[in-house]
Structure formats: C-alpha cells, structure tokens
Amino acid sequence: MRNHSILLLTLFFLKAAVCKPITKNEKKSFNKLLVISFDGFRWDYDQDVETPNLDYITKEGVKAKYITPPFVTMTSPSHFTTITGRWVEEHGVIHNMMFNPETLKKFSFKETQNKTEWWDNGVLPLWITAQNQGRKTGSFHYPGGGANYSGQSVYRSLVESFSHPDSNETEWRENIDIVLKWFTEENFDFVTLYYGEPDQVGHLKGPETEERRTIIRQIDRTIGYLINAIEAHNLKDKLNVIITSDHGMTTIKKAPNVEEVLLSKYISFKNLTKFDIVDYGGHGMILPKPGKEEELYQALKNAHPHLHVYKKEEFPAHFHYAKNDRILPIIVYGDLGYNINGRFIIYVNKGDHGFDNNYMDMKTIFRAFGPDFKKNYLAEPFDSIHIYPLMCKLLGVNPEPNNGSLAFTQEMLHSTSEPPQRQSGLTEESTFVAAIVLSAVLSILVVIFVIYVPYTVIKRRTRSNQEAEQKMDRRTQPETNF
Ligand SMILES: [Zn+2]
C-alpha cells in the first residue's frame with residue numbers, strides 16, 4: 001500500500017505542475033509600446049543642431065538612416081498608414097481635409113478628427129486590433145484616434161482642441177507625464193502620442209531657419225525629459241519607444257526667383273471645374289464639370305515645366321494613391337518646392353510638403369529604444385508602411401491584412417523577442433494535450449501496478465508454499481537406495 005500512495009502522490013504533483021492554470025491572454029509576456037510622432041520632422045533635422053538626447057537614444061537603441069512616408073506626404077494620410085500598415089489608396093484617408101464634391105463642403109484637418117465617416121473605411125487601425133486581442137490602448141492627439149472603427153472607439157483618446165498650442169514645452173512634458181501614468185497606474189499596453197511640431201515652424205518660417213533649429217532643440221530636451229521620466233516610472237525594462245514622423249519639409253520657391261504655379265493662368269475655374277482642392281502645399285485635385293475633363297486635362301498637361309498633371313486612372317501606380325473612390329479625376333503635384341496655387345497666389349507659408357515621397361526633403365525619421373531593441377543599431381532606410389508589422393510584433397498582436405513586412409525591421413530586435421500570440425496559443429494547446437496524454441499514461445501505469453503487484457506477490461507466495469510443501473514431503477519420505 002505504501003508504494004501505491006507514493007505513486008498516486010507523485011502523479012498528483014505531476015498533474016498539478018503540468019496542468020497549471022492556462023490563461024487565454026499572454027500579454028504579460030510582451031512589453032509595452034509608446035509611439036511618438038513629431039509632425040513634419042525631416043530626416044536630417046538633427047544634423048545641424050546639437051541633439052544630445054537624440055544622440056543618446058541612437059546609442060541606446062535603433063536609428064534608421066531615414067524612412068519614406070507614403071504619397072501623399074501629408075499628415076492624416078501618412079499617420080493613418082503608420083497605424084494601419086496600408087497604402088493611402090487602401091485606407092482611404094487620402095487628404096488632411098475631408099471634403100464632399102457634391103455639397104462642395106470642406107473640413108479642416110482638426111475638424112476631421114472626430115468625423116468617423118472620414119476615417120472608418122473598413123480598415124482597422126492598430127488601437128482597435130490590439131484592443132480586440134486584449135491590449136489596453138490609448139491615443140494622445142494622434143490623427144485618427146478620435147474616430148470610431150466598425151463601431152469601436154479607442155479605449156482612451158484625447159483629441160487636439162482647436163486652440164491647442166503646438167509648441168508649449170511645459171505642456172509637452174505634462175503630456176509625457178500623463179501618458180506614462182497611463183502605463184504605470186492603469187496598465188496600458190500601447191499608446192500613441194502626437195506633437196504638432198516641428199511642422200508648424202517648418203511651414204511658417206521654413207525648414208532652413210534658426211526658428212526650426214530652435215524647435216528641434218526643444219524636441220531634443222523633451223526626449224531627454226522622456227528618458228528621465230521612463231526611469232522615474234520604473235518603465236525602462238518594460239517599455240519600448242518608437243519616435244517617428246509623417247513627412248519632411250521643403251522651402252517653397254517664390255517669385256521672382258521662379259515662376260510659381262498658378263492654375264488660373266491656364267484654365268478658367270468657372271467654366272471647367274466643379275470642385276477642387278488646391279492651395280494646399282505641393283498637391284491638388286480637381287473635379288471637372290461634366291464633359292470638361294479632357295479640356296481641363298489638355299489645358300494643364302504641359303502648362304508649367306514644374307507641374308505634373310494626371311488623369312486619375314493614369315496616375316503612377318507606385319504611389320499607391322489613386323485607386324480610391326475619393327480621389328478626384330484630375331491629380332496635380334509640383335516639383336519640389338513648387339506649390340499648387342489655384343485662382344490667386346494667397347499662400348504665405350515658407351515651407352511645405354505634399355510632394356513626391358521620393359525627394360529626400362520629404363523623408364522623415366525613425367528611432368526606437370527599449371528592452372526589445374538592439375543598441376547602437378543603424379538600420380537601412382525603409383518605407384513607413386513597415387512600422388505596422390513591427391508594432392504588432394512588439395505587442396504580440398496578430399496583424400490585420402497589411403502592405404508592410406517585418407523583414408525590413410526585424411533585424412532591429414533582439415532575436416529572443418517573443419513569437420506572435422497565435423503561436424503562443426498553439427503552444428498552450430500543445431501543453432494541454434501533452435498533460436492529458438501524460439496523465440492517461442501515468443493512470444494506466446498505476447492501474448497496472450495496482451493489479452500486477454498484488455497478483456505477482458500472491459503468485460510468488462503460492463509458488464513458494466508449494467515448493468516448501470514439496471520439500472517437506474521429500475524430507476518425510478524414507479530414502480530408498482536401490
Ligand atoms: Zn504640415
């Protein structure tokens with residue numbers, strides 16, 4: 001009996017060890033992720049300013065030489081590509097402005113932020129996908145964070161007010177404090193944080209100015225504040241940080257140095273166009289009046305040596321831009337620095353974007369640091385569309401269908417990074433099956449042991465009794481010697 005008890009006890013402990021409670025959600029094995037976007041941070045803005053904190057995170061983490069935003073190089077389209085991993089023509093947020101060519105209404109960048117009908121085109125941003133897989137997510141001023149997607153809102157979303165100041169350094173730090181508390185006190189897993197600079201200064205003063213260098217120093221101090229705050233919140237070993245942006249900036253070319261693009265020199269808006277979006281940097285779209293498309297196209301086609309004019313269906317496919325119902329029939333964009341003016345030259349900005357994403361001035365930044373990233377790693381340039389699968393990998397979230405690839409970014413990560421959750425799920429199942437099989441085998445062994453051991457003992461005893469009796473018989477019989 002003692003042997004049986006030991007075996008059963010062993011079996012019990014074995015089962016308890018193998019069949020530990022299996023949690024459906026393994027999020028604890030993944031680190032948290034903070035993505036910060038500084039709007040309009042051209043790839044080389046740190047090269048003519050002292051940026052000790054950006055230099056520090058380069059040493060402590062990953063820097064890409066530069067990254068290429070999608071076309072059109074504009075805030076909402078590009079940010080939405082980063083958070084969805086989809087080309088602009090696929091996610092449908094094709095411009096900063098929401099517009100309706102029937103009602104002729106236009107809504108500004110800030111006005112669109114709560115307008116679900118502009119953002120929700122059947123493509124789920126990462127906040128929602130991560131939430132649906134058990135992660136807690138937040139958006140702090142990030143474009144698109146205020147909309148609903150398939151009826152779901154981001155768990156916590158703060159949308160920029162109309163009067164929000166872009167460059168208040170104190171407020172920048174307060175925002176970092178708020179977001180880090182979301183991570184520490186409320187156990188958020190994924191937060192996107194957006195700043196409107198250096199875009200504003202780039203527009204108003206131009207990219208090659210002391211004012212732009214001043215705002216880069218402010219951004220660098222803010223990153224220094226972030227590094228210290230991460231330490232103070234004990235998040236250094238648990239939080240990955242990606243710092244990126246949506247596009248670059250270039251100096252606008254003005255008369256009398258160049259002949260500016262002014263569309264009304266070549267076409268009559270009144271006679272040929274029903275609706276247009278121009279006077280918005282280097283890019284524009286026009287809806288011709290019925291039957292006027294060819295006339296409009298021919299009038300603009302070779303009008304200005306630095307103006308590119310396309311019918312929607314002929315727009316170069318490599319831009320991944322025009323195959324969307326929202327794109328108007330005529331697309332125009334200027335060579336670098338040539339702004340698209342409509343009826344008059346009313347444009348006062350010194351810098352702008354929206355140009356071909358192939359120009360170096362449209363390229364932007366990518367930095368990353370934290371427990372999953374290698375140190376002092378310089379990555380080759382890549383398209384911003386590949387940030388999405390990287391974020392999914394870091395969060396252990398199964399990605400939605402997307403146009404990105406982890407192949408461009410996985411070298412940045414330590415090879416020990418956890419596999420995606422789906423594989424973890426399979427491992428859980430395998431462990432469970434193994435436990436059942438092991439238990440069954442052990443149970444059978446117990447049964448065999450319980451039946452076989454007493455049987456053998458009885459059999460052995462019977463045999464030795466018989467042998468003893470036979471010996472006794474032999475001894476009691478007289479020896480006969482023949
Ligand atoms: Zn801008």
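Q: Which exposed residues sit on the face of helix 7 turned away from its buried side?
A: Thr170, Glu174 and Glu185. Bear in mind that this is a predicted model.

Q: And which residues of helix 7 are buried?
A: Trp172, Ile176, Val179, Leu180, Trp182 and Phe183. They cover an arc of only 145° around the axis, so they lie on the same side of helix 7.

Q: Why would residues spaced like that point the same way?
A: An α-helix has 3.6 residues a turn, so residues three or four places apart point the same way.

Q: What do those buried residues of helix 7 pack against?
A: Quite a list. They pack against strand 1 (32–38), strand 6 (137–140), strand 9, strand 10, helix 9 (210–232) and strand 11.

Q: How many residues does helix 7 have, and what span does it reach?
A: Helix 7 covers residues 169–185, which is 17 residues. From first C-alpha to last it reaches 24 Å, close to the 24 Å expected at 1.5 Å a residue.

Q: What follows helix 7?
A: Asn187, with a positive phi near 60°.

Q: Let's switch to sheets. What is the strand order in the sheet of 8 strands?
A: It runs 9-6-10-1-11-20-2-21. The sheet is open and its pairing is mixed.

Q: Which strands are at its edges?
A: Strand 9 (156–158) and strand 21 (377–379), each pairing on one side only. On average, neighbouring strands in this sheet are turned by 10° against each other, ignoring direction.

Q: Back to strand 11. How does it run against strand 20, parallel or antiparallel?
A: Antiparallel. Strand 11 (residues 239–244) is joined to strand 20 (residues 366–369) by 4 bridges.

Q: Which helix lies across strand 20?
A: Helix 2 (residues 52–60). It lies across strand 2 (62–64) as well, and runs at about 60° to strand 20.

Q: How many bridges link strand 16 and strand 17?
A: There are 5 bridges, in the antiparallel sense, with strand 17 spanning residues 330–334. In one of them, His308 has Tyr333 of strand 17 as its partner.

Q: New topic: the backbone. Where is there a cis peptide bond?
A: One runs from Glu197 to Pro198, with omega near 10°. Pro198 is in the loop between strand 10 (190–195) and helix 8 (199–205). Another cis bond joins Ala255 and Pro256, with omega about 5°. Pro256 sits in the loop between strand 12 (250–251) and strand 13 (261–262).

Q: Which residue has a positive phi of about 55° although it is not a glycine?
A: Asp279. Its loop links strand 14 (273–277) and strand 15 (283–288).

Q: Asp279: why does it count as partly exposed?
A: Because Asp279 has 16 C-beta neighbours inside 10 Å, and partly exposed falls between 12 or fewer for exposed and 20 or more for buried.

Q: What about Asn376, what is its phi?
A: Positive, about 50°, and Asn376 is not a glycine either. Asn376 lies in the loop between strand 20 and strand 21. Asn376 is exposed, with 10 other C-beta atoms within 10 Å.

Q: Now the whole chain. How many helices and strands does it have?
A: The protein chain has 13 helices and 22 strands. Of its 482 residues, 42% are buried.

Q: What is the mean pLDDT?
A: The mean is 87, and 80% of residues reach 70 or more.

Q: Where does pLDDT stay under 50?
A: Over residues 1–27, for one. Residues 419–434 also stay under 50.

Notes. Residues are numbered from 1 along each chain as its sequence is written. This is a predicted model: local features need pLDDT of at least 70, side-chain atom pairs count only at pLDDT 80 or more; totals for chains, interfaces and linings use all residues. pLDDT is the predictor's confidence in each residue, from 0 to 100. Two residues are in contact if their C-beta atoms, placed from the backbone, lie within 7 Å. Two strands pair if DSSP finds at least two bridges between them. Helices (H or I, at least four residues) and strands (E, at least two) are DSSP runs, numbered from the N terminus. Axes are lines fitted to C-alpha atoms, for helices over the stretch in contact, and angles run from 0 to 180 degrees between N-to-C directions. The expected span of a helix is 1.5 Å times one less than its number of residues. The arc is that of the directions from the helix axis to the C-beta atoms.
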